[in-house]
Amino acid sequence: KHSAPRAMKRQRGGPRGLPVFICEYHDEALRCLHHAMRRRKMPFDGLTMVHLDAHPDLGAPQSMPADTVFESPHALYFALRTDVGGIAQWILPAVYGGHLRCVWWVRPSWATQIQDGCYDVSVGKARRMPEQGLPRRRDATASVAASGAGDACGLPPTDPTAAPAVGEGAGAGEGRARSDETLHISCSEPYFVEESTYRPGAELASAQPLRLLVSELPAAGGLDCRVAPGGDGGGDTGGTRPEVRAYTLDVCLDFFACGNPFLKQSRPSIASAFAAVVNGTAFRAKAVSEPEQFFKDRDGFDKAYSELLEDCLSSEPRGPGELLRAIGAYLPEETREGLLGALAAAVRDARASELEEILEATDMVSLPLHPVTEQELKDRLAAFDDFLGRMCAGSPPAVVTIARSVVDGFCPMRWHCFLERAVLDILARHLGSLDIVYSDELDALEHP
């Protein structure tokens, strides 16, 4: 286990510092937040979360009844840990539970799953459509490793017969959770539509408001980093300073260096051409106004894309020309030539094993993949240091959560120890004494 610097270790009997939770799987951060609420380290509701990550983690478990959020934290943690996409689905349950009112996804430049901007939307429950299966496209996938999620943080299960508690929303406590009502969001960005998470706001019950901010790490002297919910709901992530409220800082180490566990045997120079085409389609370039047409275009593209890879692996290939043209029909005219040229070169230079892995990865090839040098990491850490200093100029976070994301393959093993120690050093420099808790210690802390 990575040992914390001596100055950061909790002193027995002494004053506790700012709570910093370190977990392996990112969905465990939800349990850490619940633990902090139980210990009155942060408010129960109305929170902002500043979320530094290569992935939005804004999916929703479509096999879990929405009101599991209120009935049992034990069941919620278990559902996230056992769902194939659970590590990417822990934030929206916290919004639906009333804990988070604003989420600022601070993305690296090479993570483009959601367009930059300010989205004032709602998160609520709706009946799963009969034809709605599991999402086709995932932000990330859960590890097969168990993390002990069956032992919850000790939050008292909500009595479904009692009046809704603060943050539960109207109707949240009415009866047992319906198995056909799952979590949805009213944001029509392609990320949510393709994840089967989007639903118009009028169709959502027990809805909770969410301000979603998306931007890169602001440059020095740029954005006022003291961001919290407030204002009139318009505009972007710049401009005037919003109302300052309690916030939590969440850092995934793959924000600094990111791997794609579905492409372990493929060279980044080959995989990047395929990822650019998948991410560069015209139907994924803007908010979705007609979901039916979106899925029609998506399925047509998938067919052409798969046929190209299958033909390349065939003993009697037809050649990529016609198949590349079929893919090109789904690309914007202004970028089509460049994307197809790079794809043709990648097809020509790829090894058969790489093409097989890319075919098996399907659209997971589109997940961020960004190898780094040590100097780039130092530069990114310096930018984080500056960012945190500006954040803390207003007020410090109530709680910090750090996700390693090494076991799942998103943060490269080579950089884990270096990054974790560097992030802790930066936190200590700006926040003073840290009370570091590892997620595998929660059981002992809550049930001594």
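## A buried serine

Leaving aside residues up to four places away in sequence, Ser405 touches Glu24, Cys252, Phe410 and Cys411. The model in which these contacts are found is a predicted one. Ser405 belongs to the loop that runs between strand 8 and helix 12. Its relative accessibility is 6%, so Ser405 counts as buried.

## The chain as a whole

The protein chain contains 13 helices and nine strands. Of its 448 residues, 56% are buried. Among contacts in the chain with a separation of 6 or more, 85% are between residues 24 or more positions apart.

The mean pLDDT of the chain is 84, and 80% of the residues reach 70 or more. Residues 1-13 have a pLDDT below 50, and this stretch has 27 contacts in the model beyond near neighbours in sequence. A further stretch, residues 141-175, also has pLDDT under 50. For residues 141-175 the model has 85 contacts beyond four places in sequence.

Nine strands form an open sheet with mixed pairing, in the order 5-4-6-3-2-7-8-1-9. Strand 5 (181-185) and strand 9 (434-438) are at the edges; each has a single partner strand, so one side of each is left without a neighbour in the sheet. From one strand to the next, the twist averages 20°.

Strand 3 (residues 100-107) and strand 6 (residues 205-216) run parallel and are joined by six bridges. In this pairing, Trp105 has Val214 of strand 6 as its bridge partner.

Strand 6 also pairs with strand 4, here in the antiparallel sense and over eight bridges. Val123 is opposite Gln208 in strand 6. Strand 4 is joined to strand 5 as well, by five bridges, and these two strands run antiparallel. Ala126 is opposite Thr182 in strand 5. Strand 4 (residues 117-127) is mostly covered, with eight of its 11 residues buried.

## One side of helix 8

Helix 8 (residues 320-328) has the buried residues Leu323, Leu324, Ile327 and Gly328. These residues lie on the same side of helix 8 because they cover an arc of only 145° around the axis. The buried residues of helix 8 pack against helix 6 (268-279), helix 7 (291-312) and helix 9 (333-349). Glu322 and Arg325 are exposed, and they sit on the face of helix 8 turned away from its buried side.

## Cysteines without disulfides

A disulfide is a covalent bond between the sulfur atoms of two cysteines. With a cut-off of 2.5 Å between the sulfur atoms, the count of disulfides comes to zero.

Two cysteines show the distances involved. For Cys258, the closest cysteine sulfur is that of Cys252, and at 7.8 Å it is too far for a bond. The closest cysteine sulfur to that of Cys411 is also in Cys252, at 7.2 Å, which is too far for a bond. Cys258 has a relative accessibility of 2% and so counts as buried. Cys411 has a relative accessibility of 1% and therefore counts as buried. Cys411 and Cys252 are both among the residues that Ser405 touches.

## Two residues with positive phi

Most residues other than glycine have a negative phi. Arg40 is not a glycine, yet its phi is positive, at about 60°. Arg40 is in the loop between helix 1 (28-38) and strand 2 (47-52). With a relative accessibility of 76%, Arg40 counts as exposed.

Asp57 is not a glycine and has a positive phi of about 60°. Asp57 is in the loop that joins strand 2 and helix 2 (68-71). The relative accessible area of Asp57 is 3%, so Asp57 is buried.

Methods: Residues numbered from 1 in each chain as written. Predicted model: local features only at pLDDT ≥ 70, side-chain atom pairs only at ≥ 80, totals over all residues. Heavy atoms only, no water. Pairing = 2+ DSSP bridges. Helix = DSSP H or I, 4+ residues; strand = E, 2+ residues; numbered from the N terminus. Axes fitted to C-alpha atoms, helices over the stretch in contact; angles between N-to-C directions. Buried < 20%, exposed > 50% of the residue type's maximum accessible area, 1.4 Å probe, protein only. pLDDT = per-residue confidence, 0-100. Contact = heavy atoms within 4.5 Å. Arc of directions from axis to C-beta.
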